[in-house]
Structure formats: structure tokens, C-alpha cells
Amino acid sequence: MDAELESRMKQICFQLEEINKDTSIPRNIRRMAKESKDFLLDEKKQMDVRAAMAISNLDKMVNDPNIPLHGRPQIYWIM
């Protein structure tokens, strides 16, 4: 993995971890944030597959009607 991609992955994983730690966000969305982070860090799969799985999960998160207003922009930034 080149340096730029590694840097972006760290930023994304940090943001997903922040969502996961935020107790004002519903538990199911926090769980999906953790799953997305795990997808991205799973080196057994190719990067494009990992990214597609994470984006699919993020799309489910952003369309969840229970997400608080401050969570949606954070997820859009990650996407």
C-alpha cells in the first residue's frame, strides 16, 4: 500500500472509530461503523472489494432514519 492510500485509510478508520464511540448514535449504526472499519482492514480481500463492502455499509448507515443530524455529514465525509 502506498503512503497516500495508507494515510487515507488511517483517517477513515479514525472517523469510523469516532462514530463507534459516540453514544448519541444508535447501537445498530455504531455496529455498522465497526463492521465497515473491519471490512477495510481485512487484508485477505482485495482493496476494491473491501472498499465496495464498506461503502455499501456506509450507504445503509446514512439512509437509516434513526441517525442523528451530526452523524450524517460525518458519514458523507467518509464516503
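**Exercise 1.** How many helices and how many strands does the secondary structure of the chain come to?

*Solution.* The model is predicted. Step one is to count the elements: the chain has four helices and zero strands. Step two is to read them in sequence order, which gives the pattern α-α-α-α.

**Exercise 2.** Compare the radius of gyration of the chain with the globule rule.

*Solution.* The radius of gyration is 12 Å, and the globule rule gives 12 Å for 79 residues. The two values are close, so the chain is as compact as a globular protein of that length. Along the principal axes, the C-alpha atoms fill a box of roughly 35 × 20 × 15 Å. Of the 79 residues, 32% count as buried. For contacts between residues at least 6 apart in sequence, 49% join residues at least 24 apart.

**Exercise 3.** Describe how helix 1 and helix 4 pack.

*Solution.* Two packed helices are described by the angle between their axes and the distance between the axes. Helix 1 covers residues 3–21 and helix 4 covers residues 71–78. Their angle is about 160°, and their axes lie 10 Å apart. Angles over 145 degrees count as roughly antiparallel, so helix 1 is roughly antiparallel to helix 4. The crossing of these two helices is left-handed.

**Exercise 4.** Which residues make the contact of helix 1 with helix 4, and of what class are they?

*Solution.* Helix 1 contributes Gln11, Ile12, Gln15, Leu16, Glu18 and Ile19. Helix 4 contributes Gln74, Ile75, Trp77 and Ile78. Sorted by class, the contact has six nonpolar, three polar and one charged residues.

Terms used: Residues are numbered from 1 along each chain as its sequence is written. This is a predicted model: local features need pLDDT of at least 70, side-chain atom pairs count only at pLDDT 80 or more; totals for chains, interfaces and linings use all residues. Side-chain values use heavy atoms; hydrogens and water are left out. Axes are lines fitted to C-alpha atoms, for helices over the stretch in contact, and angles run from 0 to 180 degrees between N-to-C directions. Angles under 35 degrees count as roughly parallel, over 145 as roughly antiparallel, 65 to 115 as roughly perpendicular and the rest as oblique. A crossing is left-handed if the near helix is turned anticlockwise from the far one by less than a right angle, and right-handed if clockwise. Contact means heavy atoms within 4.5 Å. Ala, Val, Leu, Ile, Met, Phe, Trp, Tyr, Cys and Pro count as nonpolar, Asp, Glu, Lys and Arg as charged, and the others, Gly among them, as polar. The radius of gyration is taken over C-alpha atoms; the globule rule is 2.2 Å times the number of residues to the power 0.38. Buried means under 20% relative accessible area, exposed over 50%, partly exposed in between (1.4 Å probe, protein chains only).
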